[in-house]
Amino acid sequence: MTWTAPEVSRPSDILIAPEADHLRNVLDWHRATLLHKCAGLDAEQLARAPLAFTNLSLLGLLRHMAKVERTWFRVLFRGEQLETLYSTADWRDADFEGTDPASAQADYAVLIEETELARKAVATASTDDTFTFPDEDVASLRYVYLQMIAEYARHNGHADMLRQAIDGAKGV
């Protein structure tokens, strides 16, 4: 039996709340949206790069976002010493280009796990808490949330086109 990406539900909008709650909610909505755009597709469909002019696939986007979740929240913000997921110095686009239908379920699970670990990494932090980049620039957790929202929004747009090219689904 072939693995199929599960259905997911997206969180409801919150209209009045403290800034930190809004940031978390919007990010969680975008996280769920990427998974929602994959729902119902099998491993072969997820790994397919259906547009001739790009190496993008839905599985590549899932892998990329797992890497980004780990990097922003755990490596940069928390300072954890972790390996980079998928990409290497010699193969920077491995998250997009190294997809394999046989690993689709495991790669999907890695994104779920990295998302949960990211939430835990900042569970008690304030959006005003800061960290220092390797180049010594200082940024806040607020900045991380905004970067992550932008990254997901960008790739959710890509996911719209990829999904339509795979099975014709629009507005998923």
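**Pockets and a buried arginine**

I started with the largest pocket, which holds about 300 Å³ of space. It has 13 lining residues, and the closest to its centre are His64, Lys67, Thr84, Ser87 and Arg92. I keep in mind that this is a predicted model.

Which helix gives the largest share of that lining? I found helix α3 (residues 58–77), with five residues. Sorting the lining of the largest pocket by class, I got five polar, four charged and four nonpolar residues.

Next I went to the second largest pocket, at about 150 Å³. I noted its lining as Val8, Ser9, Asp28, Arg31, Ala32, Leu35, Leu111, Ile112, Thr115, Glu116, Arg119 and Tyr152. The elements giving two or more residues here are α1 (19–38) and α5 (104–121). Of the elements, α5 gives the most, five residues. By class, I have six nonpolar, four charged and two polar residues in the lining of this second largest pocket.

Then I went back to helix α3 for Arg63, which sits in that helix. Buried or exposed? I put Arg63 down as buried, because its relative accessibility is 6% and the cut-off for buried is under 20%.

What does Arg63 touch, leaving out residues up to four places away in sequence? My list for Arg63 reads Tyr86, Ala94, Asp95, Gly98, Thr99, Ser103 and Asp107.

Definitions and conventions
Residues are numbered from 1 along each chain as its sequence is written. This is a predicted model: local features need pLDDT of at least 70, side-chain atom pairs count only at pLDDT 80 or more; totals for chains, interfaces and linings use all residues. Side-chain values use heavy atoms; hydrogens and water are left out. On a 1 Å grid over the protein atoms alone, a cavity is a set of points where a 1.4 Å probe fits but cannot get out, and a pocket is an open set with protein on both sides within 12 Å along at least five of seven lines; lining residues have an atom within 4 Å of a point. Grid points are joined across faces, edges and corners, and a volume is the space filled by probe spheres set on the points. Helices (H or I, at least four residues) and strands (E, at least two) are DSSP runs, numbered from the N terminus. Ala, Val, Leu, Ile, Met, Phe, Trp, Tyr, Cys and Pro count as nonpolar, Asp, Glu, Lys and Arg as charged, and the others, Gly among them, as polar. Buried means under 20% relative accessible area, exposed over 50%, partly exposed in between (1.4 Å probe, protein chains only). Contact means heavy atoms within 4.5 Å.
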